[in-house]
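Please examine the sequence and the three-dimensional structure shown here before reading the report.

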Amino acid sequence: MTSNNPQTREWQALSNDHHLAPFSDFKQLKEKGPRIITSAKGVYLWDSEGNKILDGMAGLWCVAIGYGRDELADAASKQMRELPYYNLFFQTAHPPVLELAKAIADIAPEGMNHVFFTGSGSEGNDTMLRMVRHYWAIKGQPNKKVIISRKNGYHGSTVAGASLGGMTYMHEQGDLPIPGIVHIAQPYWFAEGGDMTPEEFGVWAANQLEEKILEVGVDNVGAFIAEPIQGAGGVIIPPETYWPRIKEILAKYDILFVADEVICGFGRTGEWFGSDFYDLKPDMMTIAKGLTSGYIPMGGLIVRDEVVAVLNEGGDFNHGFTYSGHPVAAAVALENIRILRDEKIIEHVHAETAPYLQSRLRELNDHPLVGEVRGVGLLGAIELVQDKATRKRYEGRGVGMICRTFCFDNGLIMRAVGDTMIIAPPLVITKAEIDELVAKARKCLDLTLSALQG
Ligand code: PXG
């Protein structure tokens, strides 16, 4: 991106000279220069060129209550003045973390009343892995170490998080996954369902869990982890038969079930948690992102009472972070949850904006490039294909990236995962803003199709 604005060029030079950006090709970023985002309000971002952009991704799936809420800034400022930091080690605690744990217990599924706080979703999943193994060791079954996860699931970028995740391009760097983590097929009918109906494929994909449990041996399996709806993998909505069959399998074998709620949690599906949406009754839930609407880093692990009862008998859990339950993050999270609750934002998503977004998005099904539109709540995916009937892709053309660039240049952030366009706007998006999002998406699909034909 070459800019005529000297301020933009100055910031881009700082990026080139000093910054290593996450999930980026460092060399390519130097050549192009990053887009500099300078401010935001509601569902809109502004960049250093003065462009106004509709943020169809809520930052990175996190800005639930939208940008620019002074109440969160005020909560942080007040807490920073009163008690900016203290740790939770050595038999100490502070009011914000305790009040937050209670507020989360109040909204979590029944029987999930305890929270271990971390600084991020990845740390939440690292905590999960250690806690699951500790739990089984206390129960006298230390061999139950293996965690079953899914291909193309995303569980973070730490060594354990990336290992739990099923992203092969992450495993390729740094000798992952670590031992004791195995992956099964994902319930991604559009890409992998072949000739099966979605319902048949859902049962087949769920049965992979049982096959893996039997292959590894139930005495060696500690837990199964899954996102209720895979986010970073491409907003993969499992066929209707998937979760019911998984639940049957989980009921049959003595293993823990962990729902990674980092994306689905805090209202994304129109319920507080994806586990509520699918009635999953997990033993643990990883949280982050929407917990603070991304205003400040915080994650955690919500744990079922029966699991806590066992942990209570196990002595020290030798695990924790300097910033576990950070008071400023806790104060911000509390205010964020208060806003979600008092303003009935999730109820509004459920009753109004989710049905509206889902029906408006499906209008794009008539577009020649679109093979499928799917979504739940305020999550949506648009599959880009060469042939609708056979679900055949434009091989090797980078269609998703072409579309993403058109979106950026036309004032819309819509992400590409391969050739799947995905959206997850802030939960406060209005119907008029949804109209704008869908109109811009259609325009960018047209531009992408012309580019492919040109
Ligand atoms: N679990 C899930 C389901 C996530 O989506 C994490 C864990 C890790 O959280 P932290 O806070 O450690 O990043 C995530 C994070 C993408 C993308 O490309 C998604 C995430 C992170 C980075 C990129 O969509 N999700």
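The report covers the ligand site, the aromatic side chains and a few local backbone features.

This is a predicted model, in which local features need pLDDT of at least 70 and side-chain atom pairs count only at pLDDT 80 or more, while totals for chains, interfaces and linings use all residues. Residues are numbered from 1 along each chain as its sequence is written, and side-chain values use heavy atoms, with hydrogens and water left out.

## Ligand site

The ligand is surrounded by 16 residues, and the closest are Trp 61, Gly 121, Ser 122, Asp 260 and Arg 415.

| Residue | Protein atom | Ligand atom | Distance |
|---|---|---|---|
| Trp 61 | polar side-chain atom | oxygen | 2.8 Å |
| Tyr 154 | backbone N or O | nitrogen | 3.4 Å |
| Lys 289 | side-chain N or O | nitrogen | 3.1 Å |

Taken alone, the ligand exposes 540 Å², of which the protein buries 84%. Accessible areas come from the Shrake-Rupley method with a 1.4 Å probe, and for residues only the protein chains shown count as cover. Helix H3 (58-61) and helix H6 (121-138) are the elements that give two or more residues to the shell. The largest share, three residues, comes from H6. Helices (H or I, at least four residues) and strands (E, at least two) are DSSP runs, numbered from the N terminus.

## Aromatic side chains

A search of the whole structure finds 14 aromatic pairs. Rings of Phe, Tyr and Trp (its six-membered ring) pair if their centres lie within 6.5 Å; planes under 30 degrees apart count as stacked, over 60 as edge-to-face and the rest as tilted.

One of these pairs joins Phe 116 and Phe 317, which are edge-to-face at 5.9 Å centre to centre, with 75° between the planes. Because Phe 116 lies in strand E4 (residues 112-118) and Phe 317 in the loop between helix H13 (305-311) and helix H14 (327-342), the pair ties together parts that are 201 residues apart in sequence. Phe 317 is partly exposed, at a relative accessible area of 23%. Buried means under 20% relative accessible area, exposed over 50% and partly exposed in between (1.4 Å probe, protein chains only).

Trp 189 and Phe 190 form an edge-to-face pair, since their ring centres are 6.4 Å apart and their planes lie at 70°. Trp 189 is buried, with a relative accessible area of 19%, and Phe 190 is buried at 5%. Arg 391 also lies over the face of Trp 189, at 3.9 Å from the ring centre. Lys 144 lies over the face of Trp 136, at 4.5 Å from the ring centre. For a charge to sit over a ring, NZ of Lys or CZ of Arg must be within 6 Å of the ring centre and within 35 degrees of the ring normal.

One aromatic cluster is formed by Phe 224, Tyr 242, Trp 243, Phe 257, Phe 277 and Tyr 278.

Phe 90 is placed in the loop between helix H4 (70-82) and helix H5 (95-107), where Phe 90 is exposed with a relative accessible area of 70%.

## Local backbone features

The loop between helix H8 (168-171) and strand E6 (181-184) contains Pro 177. The peptide bond from Leu 176 to Pro 177 is cis, with omega near 0°. Asp 175 is found in the loop between H8 and E6; although not a glycine, Asp 175 has a positive phi of about 60°. Asp 175 is exposed, at 74% relative accessibility.

Phe 266 also has a positive phi, near 65°, and is a residue other than glycine. Its place is in the loop between strand E8 (256-260) and helix H12 (274-278), and Phe 266 is buried, with a relative accessible area of 1%.

Note on methods: A residue is near a molecule or strand if one of its heavy atoms lies within 4 Å of it. A polar contact is a pair of N or O atoms within 3.5 Å; within protein, one must be able to donate a hydrogen and the other to accept it, and residues adjacent in sequence count only if both atoms are side-chain atoms.
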